Amino acid sequence: MSDRRILGLILSAAILALPACASRNAEAAESSSESSGFRLPSLPNPLASNRVVEPEGIGVNGYLWRASLDTISFMPLAELDPFGGVIVTDWYANPQMATERFKLTVYILDTRLRADALAVSVFRQVRSESGEWIDAETGAQTAYDIENAILTRARQLRISQLDN
């Protein structure tokens with residue numbers, strides 16, 4: 001299966017999951033005064049106000065952080081570092097294509113909502129006939145498309161905060 005078809009499946013799953021997240025978040029917001037989502041204890045939620053307020057010591061953009069988590073939410077998470085701006089997923093295999101799997105590393109590099117503040121690394125493995133996983137090439141377009149999906153979601157989050 002080509003990288004473009006795999007990326008299409010990954011992005012389709014993410015896009016299908018987004019409306020469900022939005023409606024669940026809207027219902028939760030109506031039923032409670034706190035916003036839902038990933039928050040660190042004793043640190044303010046950067047999406048809770050109309051502007052991004054970065055807690056002391058966190059050097060990443062809150063919209064990019066949340067958009068990254070939203071976009072790759074269908075993949076199991078292995079590591080989260082909100083202070084360093086790194087998200088590492090565990091291996092994910094599409095149930096329809098069990099002979100290959102993917103792993104992502106998302107780097108948020110800045111406090112500003114900019115395209116150059118985001119970098120995604122995509123790792124791919126294919127299963128050999130003996131059942132072992134072997135590293136395989138991934139097209140650069142795959143990482144670029146995931147970055148664009150994250151940036152689009154971050155802009156949506158920013159615009160929704162401005163409308164409030």
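**A loop and its surroundings**

A: Asn94 counts as buried, at 16% relative accessibility; buried means under 20% relative accessible area, exposed over 50%, and partly exposed in between, with a 1.4 Å probe and protein chains only. The model is predicted, so local features need pLDDT of at least 70 and side-chain atom pairs count only at pLDDT 80 or more, while totals for chains, interfaces and linings use all residues. Residues are numbered from 1 along each chain as its sequence is written, and side-chain values use heavy atoms, with hydrogens and water left out.

Asn94 sits in the loop between S2 and S3; helices (H or I, at least four residues) and strands (E, at least two) are DSSP runs numbered from the N terminus. Its side chain reaches the backbone nitrogen of Gln96 at 2.9 Å. This is a polar contact, that is, a pair of N or O atoms within 3.5 Å; within protein, one must be able to donate a hydrogen and the other to accept it, and residues adjacent in sequence count only if both atoms are side-chain atoms.

A search of the whole structure finds one aromatic pair. Phe74 and Tyr92 form this pair edge-to-face, with 5.2 Å centre to centre and 80 degrees between the planes. Rings of Phe, Tyr and Trp (its six-membered ring) pair if their centres lie within 6.5 Å; planes under 30 degrees apart count as stacked, over 60 as edge-to-face and the rest as tilted. Phe74 lies in the loop between helix H2 (62-71) and strand S1 (77-81), and Tyr92 in the loop between strand S2 (86-89) and strand S3 (100-108), so the pair ties together parts that are 18 residues apart in sequence. Tyr92 is buried too, at 18% relative accessibility.

H2 comes next. At its start, a side-chain oxygen of Asn61 reaches to within 2.8 Å of the backbone nitrogen of Tyr63. H2 is largely enclosed by the rest of the structure, because 10 of its 10 residues are buried. Among them are Tyr63, Leu64 and Trp65. Arg66 is buried at 19% and Asp70 at 4%. The two form a salt bridge, their closest N and O atoms being 2.9 Å apart; a salt bridge is a side-chain nitrogen of Lys or Arg within 4 Å of a carboxyl oxygen of Asp or Glu. Arg66 and Asp70 are four residues apart in H2 and are therefore separated by about one helical turn. A network of salt bridges links Arg66, Asp70 and Arg153.

Five salt bridges are found in a search of the whole structure. Glu100 is buried, with a relative accessible area of 3%, and Arg124 is buried at 13%. Another salt bridge joins Asp116 to Arg114, the closest N and O atoms being 2.7 Å apart. Arg114 is partly exposed, at 36%.

The strands form an open sheet of five in the order S1-S2-S3-S4-S5, with antiparallel pairing; two strands pair if DSSP finds at least two bridges between them. S1 and S5 stand at the edges with a single partner strand each, so one side of each is left without a neighbour in the sheet. From one strand to the next the twist averages 20 degrees, where axes are lines fitted to C-alpha atoms, for helices over the stretch in contact, and angles run from 0 to 180 degrees between N-to-C directions.

S3 and S4 run antiparallel and are joined by nine bridges. Tyr107 stands opposite Ala119 in S4, and Leu104 opposite Val122 in S4. Thr105, in strand S3, is buried at 9% relative accessibility. Leaving aside residues up to four places away in sequence, Thr105 touches Val86, Ile87, Val88, Ala119, Val120, Ser121 and Phe123; contact means heavy atoms within 4.5 Å.

S4 also pairs with strand S5 (residues 133-136), in the antiparallel sense over four bridges. Arg127 has Trp133 as its bridge partner in S5. The two strands form a hairpin with five residues between them, and Gly131 in the turn has a positive phi of about 95 degrees. Helix H3 (residues 140-163) lies across S3 and S4 and runs at about 135 degrees to S4.
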